[in-house]
Amino acid sequence: MAQGLRRVDTKGAAQYTGLAESTLNKRRVFGGGPRYIQIGRRVLYDIADLDAWMEQNKRSSTSDAGRAA
């Protein structure tokens, strides 16, 4: 593994983001979640991708719809 590159499984990604594992599982199926890597049945998330996804979802108020996709 390259220095500074860290990947976590779904459980680790859930802990890192504060989401439930089931939420990440559903977002993999229906879209809207962070980028992930799938090797066979194993699913991994790059910490940098989790950070980028959370940054994309920042809002300044409840009426802030964010960027158009």
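**View 1. The whole chain, end to end.** Starting at the N terminus, the elements follow the order β-α-α-β-β-α, giving three helices and three strands. Helices here are DSSP runs of H or I with at least four residues, strands are runs of E with at least two, and both are numbered from the N terminus. This is a predicted model, in which local features need pLDDT of at least 70 and side-chain atom pairs count only at pLDDT 80 or more, while totals for chains, interfaces and linings use all residues. Residues are numbered from 1 along each chain as its sequence is written, and side-chain values use heavy atoms, leaving out hydrogens and water. Of the 69 residues in the chain, 22% are buried (buried is under 20% relative accessible area, exposed over 50%, partly exposed in between; 1.4 Å probe, protein chains only).

**View 2. Strand β3 and its two partners.** Have a look at β3 (residues 42–46): four of its five residues are buried, so the strand is largely enclosed by the rest of the structure. Strand β1 (residues 7–8) runs antiparallel to β3, joined by two bridges (strands pair if DSSP finds at least two bridges between them). Here Val8 has Tyr45 of β3 as its bridge partner.

**View 3. The hairpin turn.** β2 and β3 make a hairpin with two residues between them. In the turn you will find Gly40, whose phi is positive at about 65°.

View 4. The side chains of Asp46 and Arg7 form a salt bridge, N to O 4.0 Å (a side-chain nitrogen of Lys or Arg within 4 Å of a carboxyl oxygen of Asp or Glu). Asp46 belongs to β3 and Arg7 to β1, so the pair ties together parts that are 39 residues apart in sequence. Asp46 is buried at 12% relative accessibility, whereas Arg7 is partly exposed at 38%.

View 5. Arg35 is exposed, with a relative accessible area of 64%, while Asp49 is partly exposed at 23%.

**View 6. The Lys58 and Glu55 pair.** Here the closest N and O atoms of the salt bridge are 3.3 Å apart. Lys58 is exposed at 54% relative accessible area, and Glu55 is partly exposed at 45%.
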